[in-house]
Every structure is written in structure tokens, then in C-alpha cells.
Amino acid sequence: MKTYRVLVIPGDGIGKEVTACGKRVLERVGEKFGHRFVFEEALIGHAAIEATGSPLPDETIEKARATDAILFGAVGHPDYDNDPSLSVRPEQGLLKIRKELGLFANLRPIKPFDELLDASPIKPEVLKGADILFFRELTGDVYFGERGRREGGNVAYDTMVYARYEVERIARKAFEAARSRRRKLTSVDKANVLESSRLWREVVNDLARQYPDVTVEHLFVDTAAMKLIKDPRSFDVVLTGNLFGDILTDEASQIAGSMGMLASASLGDTVGLYEPIHGSAHDIAGKDVANPLASILSASLMLDISFGLKPEADAVTEAVAQTLREGFRTADIADARTPGEKVLNTEAMGKKVTERI
Ligand code: NAD
């Protein structure tokens, strides 16, 4: 029996609630398919600040380096959102772990379940058949560039910086993925205004010569934002930077019906980290109403990408589809107009999916 080590980092708010469901799904896959998953836990974010004073304790990094894959929840706390002056912050934990582990590519598949076409504010006929794979760069851009204040604090600046190698390594992953899909790559930038975007476009065009079988399209981020809603089916693989990817994938979550439906994989050259795209959602934390499907689908991505267990990954996705087909919903994807829907809380939804694997 093969052993897979999984580090569970629940973090804050609903991160704890949904990650418990993702972990249970992995345990079930272990029982059903005869694998052994060995779990460890570690702290990050506000939970880590409370316990150790640091949003990313050294112990968490050590455990992360020693594991095969990471199941991550979310970080964030309202006290910090409302006070930008605090210098130690929960989200520093997430930015730092991405940097420390070299997790430069964030993959976000967006493919609405047919059962949820009515849960989206976009018309079902526009959505049906949409299947997008986002590649969001994760360790560069304004998140890591030089920032500061001048003129007595009255002028603030953040710097958007990209190096050729940073663009190239994620673009290569995106081209490879496009090859195994519908062979179209849309690169999103703001090259009409930003110098870093002009470099981005240059690198993508250089690399495109090595992938003549992939059709490359460049879109400005404003146009991409519009087209995602107007014609989501026109996209296959989307490649973009950290800031644009952050915003566009939240927008694109509405294609899948809810923030609670979108899973992601953060990859580099070593361990993979799997997390929902949503945050710690203080407005619903502790109420057992969060949608756990993004965490469960993140576990499915882990099985496929980090462990090469494709049938197991498909069994999880199919269990989610079946649960939805049977009419089970969490509040965020429920539609009062649909007869036969049964609204479940977080734990019960996790249990339904687990039972169906
Ligand atoms: P959020 O993603 O936490 O929530 C946005 C909205 O979506 C909220 O109304 C929330 O209730 C809803 N939502 C999110 N996930 C859901 C789920 N699984 N089921 C049902 N509804 C869900 O974003 P926010 O409110 O802007 O930020 C809250 C905190 O999370 C902040 O402190 C922020 O810094 C942090 N954050 C963390 C991450 C991360 O850890 N990756 C990402 C984004 C925001």
C-alpha cells in the first residue's frame, strides 16, 4: 500500500470548516482505493499569529517542505481588514509560503456543473459548455514589488515588476496545458499601458514559436473581464499575472455559480498546495453554512496532479456531481425557485459527497 503524506493547513474562518471536509474525502479515497494518507496539521494566518506571534511559523515551513502535498484553507481576520496599519498580518503567511515553496503557478479550473447552471447570474445558454483553465502567476507583480510612501505619507506606490524568467516558466506550463486541451491560449495583460505587460507579451510571443500547434490570442485585461461574462466558451487556457489573475478568477467564479465552487492548485518545482480560491469569509465563519465543495474539488486536484491518481480524482468530482444531481445544495448555490432542492450545512454536504465516493 502506498503512503501519501498530506499537510493540512486550515488557517482561519471558514478555512477550518471546509478543509475538514476536504480531508475526510481524502480519507474515504484511501479506504476505497487502498491508499494510505498520513495527515499532519500546521498553523498559518491569524491562527498562527495568536499562537506564535508569526503568520507563518518556521515549523509550518519545515512541515511543508517535508510533505508530499498541502491541503490549504484560507487566511484572514476582520480585525486586520479594518486596520491596514497593522504590520503583522494574516495574509503575509500565505504570500510567504507561496514564495518560500516557489509556488509560482496557480491553476484554477472553471467548468460549471450542469446542475448549477441556474445558480449563476449569467444566462445558462451562455455558460453551458464553458471550460476554462486559468494560470495565474503567483510570486511576482505588485504583490512583491517595491512599495512605500513619500511626501510625508501623502503619496503611496506599489511597483509591478516581472522578470523574463518569471513569465517564461508559467507561460511554458500554460502552453503545455493548452496542448492537452483545445490548443488555445489567451494571454491577458495591459500592454497598451504597462511596461511589465509589454515584457509579458514579448515573452509569450517568443515562446509561442515553440508551440506552433497552439493558437495564441492576446487580450487586454479590461476586454478579458468583459468577454468572460459575454462569451465564456471562447476561452480555453488563460494565462495572466498575479493581480489580473486575482481579480479575473473571482469574476470567473460566477461562471461556476459561487466562490464556494472554485478549487485551485499552486504549483512550482516541488510540493503542490491545493486551496479553494475563496477567503476566510468572516460573514459566514463559524456558522457551518460555508460551501465545502471548493475544498473537496481541491483535494481532487491534489489526487490528480501531485499523486497521479486520476481515477480517484475523477471519483471525487463525480461524487460532487452526483450530490448536486440529487438536489443537495449549500445556501450559496441554492435557488429557491428550483423544486426538490435540499439545502445542507457544511458538514452535511461534506458527508453526502464522502458517502458517494
Ligand atoms: P471571501 O472569499 O472570504 O468572501 C467573499 C464572499 O463570498 C463572502 O460574502 C463570503 O461569504 C462568500 N464566500 C466565500 N467562500 C464561500 C464559501 N465557501 N461558501 C459560501 N460563501 C462563500 O473574500 P473577502 O470577504 O473579501 O475576504 C475575507 C477575508 O479573507 C479577508 O481577510 C481577506 O484578506 C481574506 N482572503 C483570503 C484569501 C486566501 O486565503 N486565499 C483569499 C481572499 C481573501
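This is a predicted model: local features need pLDDT of at least 70, side-chain atom pairs count only at pLDDT 80 or more; totals for chains, interfaces and linings use all residues.
1. Cavity count and volume. The structure contains 1 cavity of 30 Å³ or more. The space in the largest cavity comes to about 70 Å³.

2. Lining. The residues that line the largest cavity are Asp-141, Met-160, Tyr-162, Val-188, Asp-189, Ser-196, Ser-197, Trp-200, Thr-240, Gly-241 and Phe-244. Two or more of the lining residues come from strand 8 (184-189), and likewise from helix 8 (195-208). Helix 8 is the element that gives the most, with 3 residues.

3. Sorted by class, the residues around the largest cavity are 5 nonpolar, 4 polar and 2 charged. Asp-141 and Asp-189 are among the lining residues, and Asp counts as charged.

4. Helix pair geometry. Helix 1 (residues 14-33) packs with helix 13 (residues 346-355) at an angle of about 15°, and their axes are 9 Å apart. Helix 1 is therefore roughly parallel to helix 13, because angles under 35 degrees count as roughly parallel. The crossing of helix 1 past helix 13 is right-handed.

5. Helix pair contact. On the helix 1 side, the contact is made by Glu-17, Cys-21, Arg-24, Val-25 and Arg-28. Helix 13 contributes Thr-346, Glu-347, Gly-350, Val-353, Thr-354 and Glu-355. By class, the residues of this contact between helix 1 and helix 13 are 3 nonpolar, 3 polar and 5 charged.

Key. Residues are numbered from 1 along each chain as its sequence is written. Side-chain values use heavy atoms; hydrogens and water are left out. On a 1 Å grid over the protein atoms alone, a cavity is a set of points where a 1.4 Å probe fits but cannot get out, and a pocket is an open set with protein on both sides within 12 Å along at least five of seven lines; lining residues have an atom within 4 Å of a point. Grid points are joined across faces, edges and corners, and a volume is the space filled by probe spheres set on the points. Helices (H or I, at least four residues) and strands (E, at least two) are DSSP runs, numbered from the N terminus. Axes are lines fitted to C-alpha atoms, for helices over the stretch in contact, and angles run from 0 to 180 degrees between N-to-C directions. Angles under 35 degrees count as roughly parallel, over 145 as roughly antiparallel, 65 to 115 as roughly perpendicular and the rest as oblique. A crossing is left-handed if the near helix is turned anticlockwise from the far one by less than a right angle, and right-handed if clockwise. Contact means heavy atoms within 4.5 Å.
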